[in-house]
Structures are given as structure tokens and as C-alpha cells.
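Hi everyone, thanks for coming. Let's walk through one structure together, a piece at a time.

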Amino acid sequence: MWNFENIKFLNPEFFWLLLLLVPLAVFYFFTHRKQQAEVYISSTAGFKFKESLLGKLKPILYLLRLLAIALLIIALARPQTTDVTTRTKKTSGIDIVLAIDVSASMLARDFKPDRLQATKEVATNFIQGRPNDRIGIVVYAGESYTKTPITTDQKVSLNAVKGIEFDEVLENGTAIGMGLGTAVNRLKESEAESKVIILMTDGVNNSGVIDPKIAGELAVEFGIKVYTIGIGTNGNALSPYSRYPNGEFQFRMLPVEIDEELLKNIAASTGGRYFRATDDEKLKEIYNEIDQLEKTEIEQFEFYSVQEKFRAFALIAFCLLAIEQLLKHTLFKSVA
């Protein structure tokens with residue numbers, strides 16, 4: 001079965017020849033009776049005249065000829081169908097680890113609804129936009145651990161981000177060196193051509209046994225690029241500082257302290273960049289920018305299989321012409 005929607009014509013200019021069928025049809029309409037033999041007599045009163053059925057059907061011969069010409073013109077236009085097979089090859093994969101600060105200060109409400117939830121939202125969108133990369137998740141506060149190793153299973157990474165909460169499983173504090181060191185450990189044996197860590201924090205390094213600068217040097221040694229993001233508005237933010245007897249946090253305005261100098265040095269030494277997110281929109285813009293900076297190169301091959309369809313039209317046309325000649329010299333031979 002043909003799918004006429006997929007048919008293309010290599011020489012569509014030949015369709016102009018179809019206009020010739022109009023004058024040919026008009027010419028036959030006005031001249032075909034003159035081609036019949038005529039007998040002139042003084043009166044037809046004594047004759048009963050009735051046109052035969054074959055005489056009425058004889059114009060079909062000319063119709064077959066016109067139809068054959070139309071089909072030959074279509075054949076000249078070279079109808080073709082093209083099947084396209086696409087094969088995609090990932091030529092330069094990227095392994096990415098998101099290192100996310102989950103200390104109590106990430107519950108500050110200068111983002112909506114708070115810093116941690118805003119971070120989770122943009123991280124989710126980032127992962128969904130990178131189906132061709134392996135992504136892992138590391139969380140840290142006063143210590144760190146791997147939420148999920150680098151994986152191509154996008155669903156696993158998304159569920160890991162979804163499950164990030166401040167639950168006091170980790171010792172409170174901000175161990176930037178521990179978070180970065182754990183992320184480096186996840187990537188050090190990666191064979192990807194590009195290895196990236198996106199480190200997010202809203203504070204200063206005040207905990208952990210690994211110095212952030214040492215962790216940065218390890219990233220350089222293993223060829224890992226680090227993008228650092230400082231999260232927090234300029235000035236003061238509504239932040240948790242103590243708990244009520246029922247365990248809920250008390251909030252008050254506290255100054256935002258981010259060790260930007262440290263984050264800038266880590267990013268610069270590894271070939272990455274430092275960003276400052278002061279609100280939800282800025283955080284989204286930063287992730288979009290990193291997404292554009294770190295693109296997986298995809299090589300796409302397309303294979304075309306072209307099938308000529310003009311032969312069928314030409315064959316039908318010649319069959320119609322043959323039928324016309326056969327009928328003309330047999331069934332309609334005696335019809336004037």
C-alpha cells in the first residue's frame with residue numbers, strides 16, 4: 001500500500017503539461033462528430049434511427065488516451081518515496097554530580113518556600129533536561145554522603161532529589177570540603193570526557209575534616225570542573241535559629257554569610273565559574289546557564305532509502321494505450 005503523503009516529485013515542473021489535457025478534451029468534444037461518416041438524403045421520414053450502444057461508448061477510447069497521457073506526465077515528474085532511518089550517537093558524554101547543602105540554614109525563607117525547596121525544584125528541572133548524561137547526588141551538612149552514585153537512570157536521580165529533606169540525620173554545620181570531597185570521589189574513576197560538579201551552599205565552611213582547598217586540588221588532579229553557587233539574598237534573611245518545645249523552628253532575621261572568596265577560588269582553580277543566587281529566578285537562570293555551558297555533544301546520522309514510483313504510472317499508462325488500440329481495432333472497429 002502506498003502512503004501518498006510521503007510521495008515527493010523530483011521534477012514537479014512536468015505537471016504544467018497537464019494543462020494540455022484541457023484543450024485536447026475541448027478539441028475532441030467539438031470535432032468527434034465530424035469524424036463520423038455522414039449520408040445526406042432528402043428525407044428520413046421512412047427511417048427509424050437509433051444510435052447504437054457502442055457508438056455512445058466510443059468516447060471512452062479517447063478518455064483512455066487522455067488518462068494515459070496524464071499518467072505519463074506524472075511518471076515524468078518522478079514520484080519517489082523516501083524512508084529515513086535516524087541513528088543517534090553520543091560522542092562526548094558528561095558525568096555530573098550535584099553537591100547540595102542540606103544544613104539548617106537552607107530552610108531560610110528568602111527563597112520560596114525556602115532555599116532547600118527552591119534548590120530541589122531547579123535541580124529537578126536540570127536533571128530532566130539532560131537525558132543523555134550520568135548524574136549523581138551528594139548531600140552534606142556537618143558531614144556528607146552520597147544520595148545516589150552517577151547513573152543514566154534519570155528516574156533514580158529525580159527520586160533522590162525529591163527525597164532530600166532536612167532531617168538531622170547529618171550533623172549540623174556546613175562542611176563544604178566534605179561535600180566537595182565526596183563529589184570528587186564519585187567522579188574520580190569516571191571515564192567520561194567531561195566531569196562536572198555543581199556545588200551549592202548558603203554558608204561558610206565550619207565543619208568537616210577535609211579542607212575545601214584540598215578538595216578543590218583533588219578536583220583539579222582528576223580533571224573535574226566545579227561550578228559553585230552561593231545561595232542567599234544580600235543582607236538579612238528570615239532564618240532558623242532555635243526550636244520551640246514542640247520541635248518546630250523559630251525564625252528571625254539573620255545576616256547572610258557566604259564565603260564567596262572560597263567558592264570563587266574553587267571554581268577558578270578547576271576551570272568552572274562561581275554564581276550568586278539571590279532569589280528563585282536568579283537560581284533558575286544560573287542552572288540554565290550551566291546547562292548551556294555544559295552540553296553533551298550528540299552526533300546524528302540519517303540514512304535515506306529512495307524508492308522510484310514512476311514505473312507503476314508509466315506501466316499503467318502503456319496498458320491503457322494498449323487497451324485503447326485493442327478496443328479500437330476489435331470491438332469498436334465497425335463503429336463509425
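Let's start at Arg78, which sits in the loop between H3 and S2. When I say helix or strand, I mean DSSP runs, numbered from the N terminus: H or I of at least four residues for helices, E of at least two for strands.

Before going further, a word on where this comes from: it is a predicted model, in which local features need pLDDT of at least 70 and side-chain atom pairs count only at pLDDT 80 or more, while totals for chains, interfaces and linings use all residues. Residues are numbered from 1 along each chain as its sequence is written, and side-chain values use heavy atoms, with hydrogens and water left out.

Back to Arg78. Its phi is near 60 degrees, a positive value in a residue other than glycine. Most residues other than glycine have a negative phi, and most peptide bonds are trans. Pro113 is in the loop between S3 and H4.

Is Arg78 buried, exposed or partly exposed? Buried means under 20% relative accessible area, exposed means over 50%, and partly exposed is in between, with a 1.4 Å probe and protein chains only. Arg78 has 25% relative accessibility, so it counts as partly exposed.

Which residue does the Arg78 side chain meet in a salt bridge? It is Glu308, at 2.5 Å from N to O. The rule for a salt bridge is a side-chain nitrogen of Lys or Arg within 4 Å of a carboxyl oxygen of Asp or Glu.

Side chains of opposite charge can pair when their charged atoms come close. Let me pick out two more.

One joins Asp202 and Arg115, at 2.7 Å from N to O. Asp202 lies in the loop between S6 and helix H7 (212-221) and Arg115 in helix H4, so this pair ties together parts that are 87 residues apart in sequence. Both Asp202 and Arg115 are buried. They also belong to a network of salt bridges that links Asp110, Arg115 and Asp202.

The other is between Lys120 and Glu165, with the closest N and O atoms 3.1 Å apart. Lys120 is in helix H4, and Glu165 is in the loop between H5 and helix H6 (176-187), 45 residues away. Lys120 counts as buried because its relative accessible area is 8%, whereas Glu165, at 40%, is partly exposed.

Let's stay with H4. Thr119 lies in this helix and is buried, with a relative accessible area of 0%. Contact here means heavy atoms within 4.5 Å. Setting aside neighbours within four places in sequence, Thr119 is in contact with Ile100, Met106, Met200, Ile231 and Leu283.

Now for the nonpolar cores. A core is a set of buried Ala, Val, Leu, Ile, Met, Phe, Trp, Tyr and Cys residues joined through side-chain atoms within 4.5 Å. In soluble globular proteins, nonpolar side chains tend to be buried together. The largest core here has 36 residues, and Leu98, Ile137, Ile198, Ile229 and Tyr287 touch the most other members. Several elements give two or more residues to this core, including strand S3 (94-101), helix H4 (115-128) and strand S4 (134-140). Which element gives the most? That would be H4, with 6 residues. Apart from this core lies another, of 24 residues, among them Tyr140, Ile150, Val256 and Tyr274.

Finally, helix H6. How many of its 12 residues are buried? The count is 10, so to say it plainly, H6 is mostly covered. Among the buried ones are Ile176, Gly177, Met178 and Leu187. From its first C-alpha to its last, H6 reaches 17 Å, close to the 16 Å expected at 1.5 Å a residue; the expected span is 1.5 Å times one less than the number of residues.
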